[in-house]
Amino acid sequence: MLPQTGYKLWLDYRKVKNSELLQEYRNQIQSAYIRPDTKTLEIAQKELSVGLTGLLGDKPTFLERQNIKNAIIVAKIKDLNKEYQTLFEPSKIEENGFQISHVKENIIVTSNDDIGVLYGVFHLLKHLQMNLPLEKLPIIDAPKIDLRILNHWDNLDRSVERGYAGNSIWKWHKLPGYIDQRYIDYARANASVGINGTVLTNVNANALILTPMYIKKVAALANVFRPYGIRVYLTARFSAPIEIGNLKTADPLNPEVRNWWKVKIDSIYKEIPDFGGFLVKANSEGQPGPQNYGRSHADGANMLADALAPHKGIVMWRAFVYSEHDATDRAKQAYNEFVPLDGKYKENVLLLVKNGAIDFQPREPFHPMFGAMPKTPLMMEFQITQEYLGFSTHLVYLPKLYEEVLQADTYQHGKGSLVAKVIDGTLDHKKISGMAGVANIGSDVNWTGHPFGQANWYGFGRLSWNPYLSAKTIANEWLRMTYSTNDEFVTPMIKMLLISRAAVVNYMTPLGLHHLMDTGHHYGPGPWVSNLSRPEWNPVYYHKADSLGIGFNRTPTGSNATAQYAKPVADTFNNLETCPEEYLLWFHHLPWDYKLKNGNILWNGLALKYQEGVGQVREMQSLWEQIKPYFSAEQYQEVAMLLSIQLKEAKWWRDACMSYFQTFSKKPFPKGMETPKHSLNYYKSLKFPYAPGIRPSWH
């Protein structure tokens with residue numbers, strides 16, 4: 001049984017249970033050397049001490065010399081004894097990378113820089129946590145992506161937009177004088193998976209964060225995070241010069257506006273010398289931006305980039321834009337706005353692009369912008385918080401979604417032009433690369449609400465370090481580090497995690513359906529919603545169900561969104577013979593009697609996919625029952641209750657959606673689909689005004 005609250009995440013460092021392996025580790029690790037002459041190396045020493053004490057059962061002895069045996073020696077290459085130094089080639093270890101090797105009966109953890117040393121220590125401890133043999137050394141590793149960033153959609157009042165794990169962990173009213181231990185533990189967890197940046201505030205920005213009082217608070221957090229290799233970033237409200245600067249305009253080409261930003265940014269760097277830069281949401285969903293003044297996204301981004309450049313700061317400019325004044329298919333609008341500006345952005349601008357063209361749906365084809373802008377670095381934006389995925393109530397293992405997107409082939413330079421190669425900069429030889437994830441972290445004791453939501457945080461970190469890792473590999477690591485190395489536990493748990501993403505797609509948005517959620521809070525189904533002020537906010541805009549069939553025609557006979565992809569991809573999606581059925585209704589409006597590849601007509605196939613999703617949640621419950629002995633009664637019951645809610649809500653999605661679509665198909669539910677327990681009017685009547693993740697309205 002595992003008495004674990006979840007607060008320690010994957011860094012619990014349980015004692016090695018295999019007695020033979022424990023003795024092998026103890027024989028090899030009898031002492032340690034590290035000279036803690038910087039804050040980062042102090043942290044590395046403390047982590048090594050905590051980790052080895054937990055894993056081996058004894059506190060390690062730290063010696064002040066390197067000429068020892070059966071020890072761990074931790075140092076930068078330049079600080080190793082000459083006999084060791086000559087065995088390592090600094091040129092083979094990239095920035096922030098590390099090497100772990102067996103040398104003369106010792107284990108050497110080394111790097112060219114302090115942060116690389118810290119990453120190496122975490123990696124060695126992971127190796128021991130997973131009970132891997134020491135013969136598997138040496139290891140040389142380094143991050144493949146430069147900027148590995150968590151985006152917090154946290155508001156200054158500590159509410160969290162699309163956050164489902166309690167309040168924001170940033171206690172602005174107590175900063176800068178009070179440093180919560182949780183800030184340190186947060187930094188430690190992020191460093192353990194290589195995350196090196198954090199955006200503290202919501203993309204729907206508040207200009208107050210840029211005022212001197214708040215910058216001092218941000219500086220206090222930056223001081224905590226700096227030794228862990230983590231830079232802080234802020235969201236910049238484009239209209240800040242008006243709101244807090246007393247200017248009459250925020251026009252990016254206005255000299256006064258440009259000077260205001262320069263002075264503001266210079267003042268931030270006086271408080272935070274390693275400030276990372278800004279994330280900007282502009283001219284999107286009502287947010288102000290350069291288009292308010294007849295200027296382009298490049299004009300707006302470049303203004304900020306010019307002011308940040310002397311300090312080596314960067315701009316992450318979100319490409320999530322769509323307009324109520326543009327009748328074009330929403331899926332096409334970001335591409336249409338940004339691709340013509342390729343090459344017009346300053347070197348320190350990255351465009352932050354969601355994994356798909358709509359909005360963090362359970363499944364989307366990869367965004368057509370990936371690979372289409374060879375002169376501009378594109379930064380991936382994934383959502384870790386489960387806005388459209390059952391909040392923190394549903395178990396959904398998101399690295400499976402991330403892997404699916406990263407391994408998609410854009411064909412922009414022929415076969416093998418993977419999205420991952422766009423993101424790491426290798427496809428078009430970019431100077432800077434990045435990946436961001438919208439955080440699922442809150443004040444709940446286990447950080448993420450659902451205990452297995454931690455796997456999504458961990459998995460994002462691992463894929464931002466190496467976008468070529470598999471979701472299965474990441475699940476194996478996280479489970480062994482967090483819970484148990486016993487194969488009888490790990491094998492069914494991996495199966496359960498990998499099933500979970502397929503389940504949620506099936507019971508929410510099968511066969512390429514998307515954007516079917518209810519209004520505002522995005523909790524539960526609302527495929528009938530048609531009364532919102534903007535067409536593209538309504539689910540009916542996306543599924544287009546009618547008496548003839550269902551689906552959004554994005555082929556040349558429809559919106560022609562497929563033309564934004566490279567020709568081999570467009571041809572695949574356009575052709576019903578080759579279009580993957582998981583994207584069928586994303587790209588095609590098809591008759592209810594259309595024959596699927598398995599012989600079912602579309603209506604029956606849709607119903608059975610919804611039913612399959614419900615069945616997969618039941619399978620998850622069965623697997624959970626199978627591994628009950630590995631958990632305390634409290635831990636088991638917590639997840640069992642959440643799975644029961646998930647099953648109930650999976651049925652709700654199936655029944656509400658199929659009852660609504662039946663009003664168009666006029667067909668009976670097929671054999672194999674359970675009959676809905678309520679009427680369509682019942683499902684339409686359900687309201688959730690106080691669902692978490694949005695500010696409640698008390699009117």
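The following dialogue sets several structural labels in this predicted model against their definitions.

Mentor: In this predicted model, local features need pLDDT of at least 70 and side-chain atom pairs count only at pLDDT 80 or more, while totals for chains, interfaces and linings use all residues. Residues are numbered from 1 along each chain as its sequence is written, and side-chain values use heavy atoms, with hydrogens and water left out.

Trainee: Why are α19 and α20 called roughly antiparallel to each other?

Mentor: The axes of helix α19 (residues 602-626) and helix α20 (residues 633-665) come within 10 Å and cross at roughly 175°. Axes are lines fitted to C-alpha atoms, for helices over the stretch in contact, and angles run from 0 to 180 degrees between N-to-C directions. Angles under 35 degrees count as roughly parallel, over 145 as roughly antiparallel, 65 to 115 as roughly perpendicular and the rest as oblique; α19 and α20 are therefore roughly antiparallel. The residues of their contact comprise 18 nonpolar, 7 polar and 4 charged.

Trainee: What makes Tyr269 and Phe275 an edge-to-face pair?

Mentor: Rings of Phe, Tyr and Trp (its six-membered ring) pair if their centres lie within 6.5 Å; planes under 30 degrees apart count as stacked, over 60 as edge-to-face and the rest as tilted. For Tyr269 and Phe275 the values are 5.6 Å centre to centre and 75° between the planes, hence edge-to-face. Tyr565 and Phe573 also form an edge-to-face pair, at 5.4 Å and 75°. The count of aromatic pairs comes to 47.

Trainee: What makes Arg554 a charge over the ring of Phe552?

Mentor: A charge sits over a ring if NZ of Lys or CZ of Arg is within 6 Å of the ring centre and within 35 degrees of the ring normal. The charged end of Arg554 is 3.8 Å from the centre of the Phe552 ring. Lys174 lies over the face of Tyr178, at 4.8 Å from the ring centre.

Trainee: Why is strand β7 described as mostly covered?

Mentor: Buried means under 20% relative accessible area, exposed over 50%, partly exposed in between (1.4 Å probe, protein chains only). In β7 (residues 147-151), 5 of its 5 residues are buried. Leu147, Ile149 and Asn151 lie on one side, with Arg148 and Leu150 on the other.

Trainee: How do you know that β7 pairs with β8?

Mentor: Two strands pair if DSSP finds at least two bridges between them. β7 and strand β8 (residues 197-199) are joined by 3 bridges in the parallel sense, and Asn151 stands opposite Val199. Strand β14 (residues 434-438) runs parallel to β7, with 5 bridges.

Conventions: Helices (H or I, at least four residues) and strands (E, at least two) are DSSP runs, numbered from the N terminus. Ala, Val, Leu, Ile, Met, Phe, Trp, Tyr, Cys and Pro count as nonpolar, Asp, Glu, Lys and Arg as charged, and the others, Gly among them, as polar.
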